[in-house]
Amino acid sequence: MLSENFLLTGAVAGEIRGKDAYVNLGFWKLVKGLRVKEMIVDSERAFVLVNYDLVSPKGTPFSSDVAEFWKVKNGKVDSIAIYFDTAAFNRFWPNDPAY
C-alpha cells in the first residue's frame, strides 16, 4: 500500500523517508485506536481527518484529531503530511528522558 520511497512529514516526526522507516516508527506502539472521521478524495490526493487514541509508556491517555494530507502515486500512498495540536501532544509526551 505504501511506495518504497514513502515520505512522512509533520511537526513531531520531522521527515521520515522509506516504507520500512514508517512502518517501524515507535509511535505505533502508543496507538491504542484510531477512527477515520472524514475522508475527501480527489484523484491522487486525499484529506483525512483521523482521531487517534494514544497511551504513553507511563499509562497517560491522549486523544486528538489529526489532519492528514495523502498523495498517491502509481496506485500506492507516496506521502502523508500530518498536522495536529503540537502543544497538546507536547503536554502528553514531554521532553523527558523517562519517556
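1. Arginine 35 has a relative accessibility of 41% and therefore counts as partly exposed, since that class lies between the limits of 20% for buried and 50% for exposed. The structure discussed here is a predicted model. The side chain of arginine 35 meets that of aspartate 53 in a salt bridge, with 2.8 Å from N to O. Because arginine 35 belongs to strand β3 (residues 31–42) and aspartate 53 to strand β4 (residues 45–55), this pair ties together parts that are 18 residues apart in sequence. Aspartate 53, at 23% relative accessibility, is also partly exposed.

2. A salt bridge also joins lysine 19 and glutamate 4, whose closest N and O atoms are 3.0 Å apart. Lysine 19 is in helix α1 (residues 19–23) and glutamate 4 is in strand β1 (residues 2–10), so the pair links parts 15 residues apart in sequence. Lysine 19 is partly exposed at 26% relative accessibility, whereas glutamate 4 is exposed at 54%.

3. The structure holds four salt bridges. One of them pairs aspartate 42 with arginine 45, at 2.8 Å between the closest N and O atoms. Aspartate 42 has a relative accessibility of 42% and counts as partly exposed.

4. The protein chain contains two helices and six strands, in the order β-β-α-β-β-β-β-α from the N terminus.

5. For 99 residues, a compact globule would have a radius of gyration near 13 Å, and the 14 Å of the protein chain agrees with this. Of these 99 residues, 33% count as buried. The chain exposes about 6,400 Å², of which carbon and sulfur atoms supply 54%.

Note on methods:
Residues numbered from 1 in each chain as written. Predicted model: local features only at pLDDT ≥ 70, side-chain atom pairs only at ≥ 80, totals over all residues. Heavy atoms only, no water. Helix = DSSP H or I, 4+ residues; strand = E, 2+ residues; numbered from the N terminus. Rg over C-alpha atoms; globule rule 2.2 N^0.38 Å. Buried < 20%, exposed > 50% of the residue type's maximum accessible area, 1.4 Å probe, protein only. Areas by Shrake-Rupley, 256 points an atom, 1.4 Å probe, with all protein chains shown as cover.
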